[in-house]
Each structure stands twice: as structure tokens, then as C-alpha cells.
Amino acid sequence: MIAINAQQALKSIRNGDLASIYVILGTVDYLADQLKQAFTQQIPSEEQTMNVGSYDMETTPVAVALDDAMSAPFFGERRLVFINHPYFLTGENKKTKVDHDLASLQHYFEQPEPSTVLVFMAPYEKLDARKKLVKTLKKQATTVEVNQVSEAETQRYVQAALDEKQIRIDADALQELVNRTDGQLGLIMGQLPKLMIYAAQSQRIDLAAVQALVTKSLTQNVFDLVNDVLRYQTQSAVELYHELVAAQEAPLKINAILLGQFRLLLQVKIMARAGYSQGSLASTLKVHPYRVKLAMQTVRHFDQAALRAAYLGLLQTEVQMKTTQRDPELLFELFMVQFVNERQAAVGTRLSR
């Protein structure tokens, strides 16, 4: 098995150094799309209609894709076939009426067509390594992992895209861009075009541009809300909550994300004490490394009791939202008042001992 990262794969593909079978494995859509484009560009544009095929395994039998893969290129040197959503390579028990001839696929893996590049676009965290089909595929294929991207790698992709346009970005602007997009590479790259337009004359993206042009994600707003809660800033927390509701965010959704964030903070607090590193936390909890980084920065300033109290309070708020007719915004205000009062009382009790 040959396993390479996305950058290595892009360089190899663009140089025309192509293998017979690839597996693009992972959930970062931006990188998967970049690789798909790079593969397609290796087929001359005038040949793409006849020599590029794309098949979705959730709706199309794999035999149809194999027929294409085993055909000779039409007035060209190479045929390119994409097999999308190959769920039969995972442990997922998907209910579908599509009948897949996996024996023929196994045979193709053992004797791939030399003039065809067969690419499995697998938007999953992993394949089922117990399956014979997967074992054979791994022996024959070049695997390109496009799973979670570190903050440093994300910044390198951003810098490379800006370098092509000879545009520079201030360090604080780049950090704010990462913050406002939760460090999600796809979201960041989607924001770059308008920032580049802004910088067309100055050739520079500054902090003011990011703050003006890039809207905070719901998750980032909730992260600000978490900090307001833990710092007992009731007025600021309630105002932000009202703003999110006014922006058509559902109260139950806001509460669910808040709960998820406090659950993550508790997990990070407990596991960091047990010796887990930032990298191992992200891997174990299956959470984006950037979220773990922010969580580790946050939990340094707050004790486990406060995190637990906030989590339980929000859990009770969710129950009330689902079982009563009370106004959700009022319920959040009551949560804040009760949380602050209880925590201040707890601190007072400790100090009096």
C-alpha cells in the first residue's frame, strides 16, 4: 500500500505521474475536490466527454463503472473513472436496491486496466480493513488521506493560494480568519475570493477586512457565548443569545451546540489531566484539532466543577425547551442567573472555610 498526503498527491498528479488505482479517503471536501480537478485536468479537455466517467455507488451498480474502466480510451491515451460513495468498502450497512458485483471488482483490483486511472472518492474516516475486497484494494491502490487538517497545514494552504495572486495577509488577519471559520479549510478557502477582491489594489489583507467581510460561524458565536457564560457575563451572554435567535437560529440548535461545547470542555479537562496531548485528544474524541486547541486554552482558566455545572444546567434547559411552552430566550436567561448565583455561592463557601 502506498499512502501519501494531499499535497504530495497533487504534485504527483499534476506532473502526470499517475497510478492505476487511487483511494481518496477522508471528509475534507475541499481537498477531495482539488484532487478530483487535478485528475480531470490530466485528460485533454477535448477528450473529457468520452474519456472521463463518474459513477455514484448509491444509485449505480459498480458493474457499470467497471465496464467503463475496462474500455479502451476513445482517441486518447488514458481513461479516467471516478467511483463515488463506495460505501461497500466500509462497515456501513446501507439499505439500497443497487446490486453490486463485488466479485468482478475484486478481479479488477487484481488485474487493473493499464490505460485507466480508477479513483475511489471515499468521504469516510476509514474503510473496513477486515474485508477481503479492502485488503486487496490497499495492496494495489495509492491512498490519499484527506481527513482533518491541522491549523498549521490550513494556514499553509491559505498562504499558497494568496502567494499565487501575490497577496499577503497580516498575521492577526489570518488568525481571525481561522477563528471565524472554526479552522475549517473548505470554509476558509470559500472566503478567500472576496478577500482577494478587497486586496486587489493594496495586495494586502488586514484584520479590518476579515472582520468586515467574514461572518462568524454559528459555532464561533457559540464559543463566544461559552466564554460569556463561564465569566459570569450575564448581560453579554443574553444579548448574544438574542442576536442569534434574531438571526433565525433555532433555540434548540443553539442549546445543542452549547451542550456539545461544554461536553467537549469537560472531556478535554479530564483527559488532559490524564496526560493526553492535543493531537491524541483530537484523534480520540474525533474532533477537529482547532476545536481541541481552543478547548485546551479555555479549560486552563476554569475548574471542572464550573464546567460540569454549566453542562447540567444547559441539559435541564433543553428538557424544559422540549417539554414546556416557556419562551426559550427566557429559559436561557434563567439558566444564566441560576448558574452565576450557584457558582458565586460555591466560591463564597470555599473562601469562608
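## Basis

In this predicted model, local features need pLDDT of at least 70 and side-chain atom pairs count only at pLDDT 80 or more, while totals for chains, interfaces and linings use all residues. Residues are numbered from 1 along each chain as its sequence is written, and side-chain values use heavy atoms, with hydrogens and water left out.

## Helix α14

Helix α14 spans residues 278-285; helices are DSSP runs of H or I with at least four residues, numbered from the N terminus. Leu-281, Ala-282 and Leu-285 of α14 are buried (under 20% relative accessible area, 1.4 Å probe, protein chains only). They lie on the same side of α14, because they cover an arc of only 95 degrees around the axis, taken from the directions from the helix axis to the C-beta atoms.

Gly-279 and Ser-283, on the face turned away from the buried side, are exposed (over 50%). Lys-286 follows α14 and has a positive phi, near 55 degrees.

## Largest pocket

The largest pocket has a volume of about 300 Å³. A pocket is an open set of points on a 1 Å grid over the protein atoms alone, where a 1.4 Å probe fits, with protein on both sides within 12 Å along at least five of seven lines; lining residues have an atom within 4 Å of a point. The volume is the space filled by probe spheres set on the points.

Ala-282, Ser-283 and Lys-286 are among the lining residues, as are Glu-125 and Lys-126.

## Second largest pocket

The second largest pocket has a volume of about 230 Å³. α7 gives the most to its lining, with five residues.

Methods
Helices (H or I, at least four residues) and strands (E, at least two) are DSSP runs, numbered from the N terminus.
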